Amino acid sequence: MENFVKKRLVVKVGTSTLTHKTGKVNIARMAKLVSVLADLHNMGHEVILVTSGAVGIGMGRLNLSERPSETKKLQALAAVGQGELMFMYDKLFGEYDVVVSQLLFTFDVLENEESRTHLLDTFNQLLSYGAIPIVNENDSVSVEELLNGDNDCLSATVAALTNADMLIMLTDTNGLYDSNPNENENAKLIEVVEKITPEIESLAGGAGSRGTGGFATKIKAAKIATEAGVSTVVANGAKPTKIYKILEGKSEGTLFLPK
């Protein structure tokens, strides 16, 4: 423990990481993610989890094979899925005797100085109690994340608000490439981005497989976080144990350096 440096980490996990193509929960991956985060918590790190997946899990729960386009249906699915999502997190983290808490809010809370202060107080108090805050946008009330972002920008805003040391966004791609890897087999992974320039922004592709946030929203999120001084990593969430390597400073995914 001599070289241990306590860090405040925000880990964001997307729908595509949490669910199978059927829309049903990827139980093995979710369990592995929880074991890694519980282990980091036991090491002494402060962990905040920003999770998508409520709509996807709601689809699976109601046996729907296709994601609906109507907003009211997405909101209803989120209402069904959110309870199931938290039940699973509570059960899985409970196996490691780690207490979790649910924080649902909308962007207007973050835009109001008073409510923003109250929210930060809640984060700090939960972390001081040794709990892991689990964050999602309140999709049954707000439609912004449902339509535009898969929680990418929310996770960056939370990282900035809580003065986190690092934001790790887990997704279904390996990181940012210099060209589309689906179209160019010679596409190269960009391991470090020192500054988010218009050229970097132009490399962002379309939406992900089952979430709403493509790489464009991850670039936008990285910009929010790095401008607030938060190191940001976008990596493939298929193997959550990669988080250990990221914290060791090893190259996993794309690292966006803070200003």
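The protein averages a pLDDT of 88, with 91% of its residues at 70 or more; pLDDT is the predictor's confidence per residue, from 0 to 100. Over residues 206-213 the pLDDT is below 50, and that stretch has 27 contacts in the model beyond near neighbours in sequence (contact: heavy atoms within 4.5 Å). This is a predicted model, so local features need pLDDT of at least 70 and side-chain atom pairs 80 or more, while totals for chains, interfaces and linings use all residues. Numbering runs from 1 along each chain as its sequence is written, and side-chain values use heavy atoms, leaving out hydrogens and water.

**The second largest cavity**
- Searching the whole structure turns up two cavities of 30 Å³ or more (a cavity is a set of points on a 1 Å grid over the protein atoms alone where a 1.4 Å probe fits but cannot get out, and lining residues have an atom within 4 Å of a point).
- The second largest cavity has a volume of about 30 Å³, taken as the space filled by probe spheres set on the points.
- Its lining includes Val 13, Leu 170, Gly 237 and Pro 240.
- α1 (15-18) and α2 (27-43) each supply at least two lining residues, with α2 giving the largest share, three (helices are DSSP runs of H or I, at least four residues).

**Ala 204**
- Ala 204 sits in the loop between α9 (198-202) and α10 (215-227).
- Ala 204 counts as buried because its relative accessible area is 18%, and buried means under 20% with a 1.4 Å probe, protein chains only.
- Leaving aside residues up to four places away in sequence, Ala 204 touches Leu 176, Phe 215, Ala 216 and Ile 219.

Definitions and conventions
1 Å grid on protein atoms, 1.4 Å probe; cavity = no way out; pocket = protein on both sides within 12 Å on 5 of 7 lines; lining within 4 Å. Buried < 20%, exposed > 50% of the residue type's maximum accessible area, 1.4 Å probe, protein only.
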